[in-house]
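I opened a new model today and kept notes as I went. Each entry records one thing I looked up.

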Amino acid sequence: MKQAQQTNAVTTRPEGPMAHLKQQFKDALSSIEPGDDKTNAPEAHRLVRDALKADSKLAEYGVSPILIGSYKRNVSIRRIKDVDVFVRLPDVPSDVTSTDILDRFFKVLHAEFGTDADGHRRTKRQDRSLQVSFPEYDLYVDAVPTRPYGDGTWEIPQKGDENEWVRTNPDGLTELSSTMNADHDEYYVPTVKLLRQTRRALLGTKKPGGFFIEMAAYQAFDSGAVSGNDQAEYYVSALREVSKIIENFVTCGIAVTDPTLPGHTIHIRATDDELDTARTRFKDAATSAEAALAEEDAGKAALAFRKLLGKNGDGDTVFPMPPGFNEDGSKKASAISPGARVVPAGKRTFG
């Protein structure tokens, strides 16, 4: 009976023989939470939004910019380098091309923001958007022009075409993310943050980027394959499922679905070498995470999770060691485990 009770405790309590490290995961999430970016990002967005809304021609088109992207969905991690502004133009005439709109955006934003201290233009034209740099905040704002598609979704300029548009629905993704988070007792959003941080630790600046990992995570959650009783279990479960999705994408060509547009898939820009690297590293990471979760030694488990999560955007180690353990995962000399027979004073106790 005693053994049965012990087994039950392992499966229901967040702290048990397996290393769930509840407090350390909480601290890790705090470490990757955006800092000053929480103030700077919306301010940079406001400045770009106000410049666009002040233009008379864009006003005729009903210009209405909103914040989108990982920051809007609360899944961004420290540090935020870019902020996405979805510039809705509900009244733009059908004969106004995407090139016309991008030209207008450049004219307006360049006039407003000019050059930086080194004489470089702060506004840069891209395939689908205008990027405005904010050196004082060390971030960029991408202003994406959009026109109505006709069913509540929108279209943005297609890469490389003078007047081709591609359908998108970022508002829908924000709503879906919020619903998924509620359905999983508020574990979805922090798990996505941890997966984005893992991608950064494993791949750095190489592709695929954080959005692809987020969409793979959403697909994994939506399939019902991700579950857990605490953050450690959710992270390990999601990491394994995401690694499978990446494996299927790279080796079998099975695309990641776009949850906001039925029948559509996510497109990414990554080389074959980058994709193969992502496949291998995420697969190894999932195996390492599963072993860490099952590890009875909290120090060894924490060391594994620390390697998986790396350092945040400020260069600080994300996952802390639990009390009583050195930075290399070994137990401190003065640390006494529960049930230990030797205490610092030299007396012997027996449990």
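**Entry 1: Arg 104.** I began with the contacts of Arg 104. Setting aside neighbours within four places in sequence, I found Arg 104 in contact with Asp 55, Ser 56, Lys 57 and Leu 58. I was working on a predicted model. Arg 104 sits in helix α6, which covers residues 98-113. Asp 55 is 49 residues away from Arg 104 along the chain, yet their C-alpha atoms are separated by 9.4 Å. Arg 104 has a relative accessible area of 24%, so I noted it as partly exposed; buried would need a value under 20%.

**Entry 2: Asn 312.** Next I went to the segment after α12 (298-309), where Asn 312 lies. Is Asn 312 buried or exposed? I read a relative accessibility of 6%, so Asn 312 counts as buried. What does its side chain reach? I noted two backbone atoms. One is the oxygen of Ser 31, at 2.9 Å from the side chain of Asn 312. The other is the nitrogen of Asp 314, also at 2.9 Å. Asn 312 touches Ser 31, Ile 32, Arg 78, Gln 197, Arg 200 and Val 318.

**Entry 3: α8 and α11.** I turned to a pair of helices. Two packed helices are described by the angle between their axes and the distance between the axes. I looked up both values for α8 (residues 188-203) and α11 (residues 272-294). Their axes come within 10 Å and cross at roughly 120°. I recorded the crossing of α8 and α11 as right-handed. Which residues meet there? From α8 I wrote down Arg 199, Leu 202 and Leu 203; from α11, Thr 277, Ala 278, Arg 281, Phe 282 and Ala 285. By class, this contact of α8 with α11 has five nonpolar, one polar and two charged residues.

**Entry 4: α10.** My last stop was helix α10, residues 231-252. How far does α10 reach from its first C-alpha to its last? I found 31 Å for its 22 residues, close to the 32 Å expected at 1.5 Å a residue. I also looked at burial. Of the 22 residues of α10, 16 are buried, so the helix is largely enclosed by the rest of the structure. Then I checked both ends. Asp 230 caps the N-terminal end of α10, with a side-chain oxygen 3.2 Å from the backbone nitrogen of Ala 232. Just after α10, I found Gly 253 with a positive phi of about 75°.

How values were computed. Residues are numbered from 1 along each chain as its sequence is written. This is a predicted model: local features need pLDDT of at least 70, side-chain atom pairs count only at pLDDT 80 or more; totals for chains, interfaces and linings use all residues. Side-chain values use heavy atoms; hydrogens and water are left out. Helices (H or I, at least four residues) and strands (E, at least two) are DSSP runs, numbered from the N terminus. The expected span of a helix is 1.5 Å times one less than its number of residues. Buried means under 20% relative accessible area, exposed over 50%, partly exposed in between (1.4 Å probe, protein chains only). A polar contact is a pair of N or O atoms within 3.5 Å; within protein, one must be able to donate a hydrogen and the other to accept it, and residues adjacent in sequence count only if both atoms are side-chain atoms. Contact means heavy atoms within 4.5 Å. Axes are lines fitted to C-alpha atoms, for helices over the stretch in contact, and angles run from 0 to 180 degrees between N-to-C directions. A crossing is left-handed if the near helix is turned anticlockwise from the far one by less than a right angle, and right-handed if clockwise. Ala, Val, Leu, Ile, Met, Phe, Trp, Tyr, Cys and Pro count as nonpolar, Asp, Glu, Lys and Arg as charged, and the others, Gly among them, as polar.
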